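Here is a briefing on one structure.

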Amino acid sequence: MGQQALSSAPMRSLSSLSRWPSPMLLLLLLSPWSVWAQLSAAATSSGTPGTPDCPEACACAPGGQANCSRRALPAVPAGLSRRVRALLLDHNRVRALPPGAFVGAGTLLRLDLRENGLRWVHARAFWSLGALQQLDLSANQLEALAPGTFSPLRALRSLSLAGNRLARLEPAALGALPLLYALSLQDNELPALARGLLAGLPALRALRLRGNPWVCGCALRPLCSWLRRHPRPAPEAETLLCVLPGRLTLRPLTALTDAAFSHCAQRLSPRDLAVVYALGPVSFLASLAACLALGSVLTACRTRRCRATALGPLRRALDPGPGSPAAAAQD
């Protein structure tokens with residue numbers, strides 16, 4: 001009986017173990033599956049180069065950042081997806097941005113294109129980046145920007161064009177950017193800002209302008225007015241100096257008041273424009289009629305003079321004078 005009881009005890013323990021596995025046994029059984037799941041998730045989030053979620057020749061990190069810096073890339077890499085939130089393309093060799101250069105990256109928030117030797121940007125290069133908030137094009141070789149280049153970037157908050165060769169920046173190039181807060185134009189070749197450029201940037205608060213050859217003429221009046229409405233820190237304001245004309249050389253832009261531009265032509269009011277548009281055609285038609293009348297008079301006088309010159313000899317022949325042979329014969 002004792003041996004039978006001893007032999008039945010292990011059997012009951014084994015049966016109870018099979019019915020109710022211990023936590024340690026469950027952990028040992030499930031640990032390989034959990035480790036495999038973690039490894040697969042890490043591989044998916046890391047996005048090794050060449051995977052569908054990571055552009056070719058780039059290193060991707062969790063959170064949607066694609067690091068393509070310093071890869072000697074001649075163009076924007078292919079394979080951009082909507083999972084890429086930040087694209088770092090600085091210090092490469094991207095010389096031009098063709099139309100649709102960022103197709104597929106519709107959710108991109110940050111784009112860094114510093115120091116690429118970039119010379120040309122097509123007007124439709126950024127058309128698919130409606131969510132972009134930060135764009136850095138600094139330290140390139142841009143000399144001009146086509147109208148509508150930044151118009152699709154309605155969510156843009158920060159734009160850097162510093163360190164280029166821009167001699168003129170048209171309002172049509174920027175377009176209306178209602179959320180743009182920071183604009184960097186420093187270290188270019190801008191003598192002034194075109195009229196209406198700042199009018200389309202209602203949220204602008206940080207404007208970097210140093211390092212440009214400012215010509216303090218009438219074209220600079222809108223910029224000086226904007227600077228007075230948006231005071232700047234003293235050290236930064238002192239670096240904005242005129243280089244021309246001679247009488248204003250090295251004078252701070254913030255020191256130019258409206259009185260300094262009193263000699264500049266004022267824009268016509270709507271009433272003045274209406275008068276010009278109404279009197280312009282009338283005066284033109286009147287001057288045209290006067291010219292035609294004067295021409296007719298001159299033509300008539302010339303015709304009469306020519307006729308008198310041609311009939312002179314005939315009249316003298318028909319009306320002989322007192323000393324002529326015909327008159328002597330009559331006598």
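The largest nonpolar core has 65 residues. Such a core is a set of buried Ala, Val, Leu, Ile, Met, Phe, Trp, Tyr and Cys residues joined through side-chain atoms within 4.5 Å. Buried means under 20% relative accessible area, exposed over 50%, partly exposed in between (1.4 Å probe, protein chains only). This is a predicted model: local features need pLDDT of at least 70, side-chain atom pairs count only at pLDDT 80 or more, and totals for chains, interfaces and linings use all residues. Residues are numbered from 1 along each chain as its sequence is written, and side-chain values use heavy atoms, with hydrogens and water left out.

**Core**
- L97, F102, F126 and F150 have the most contacts inside the core.
- F126 touches residues including L97, F102, F150 and L153, not counting residues up to four places away in sequence; contact means heavy atoms within 4.5 Å.

**Salt bridges**
- The structure holds six salt bridges, each a side-chain nitrogen of Lys or Arg within 4 Å of a carboxyl oxygen of Asp or Glu.
- D90 pairs with R114, the closest N and O atoms being 3.6 Å apart.
- D90 is buried at 6% relative accessible area, whereas R114 is partly exposed at 28%.
- D112 also bridges to R114, at 2.9 Å, N to O; D112 is buried, at 3%.
- D187 pairs with R210, the closest N and O atoms being 3.9 Å apart.
- D187 is partly exposed at 36%, and R210 is partly exposed at 39%.
- Shared partners join D90, D112, R114 and D136 into one salt-bridge network.
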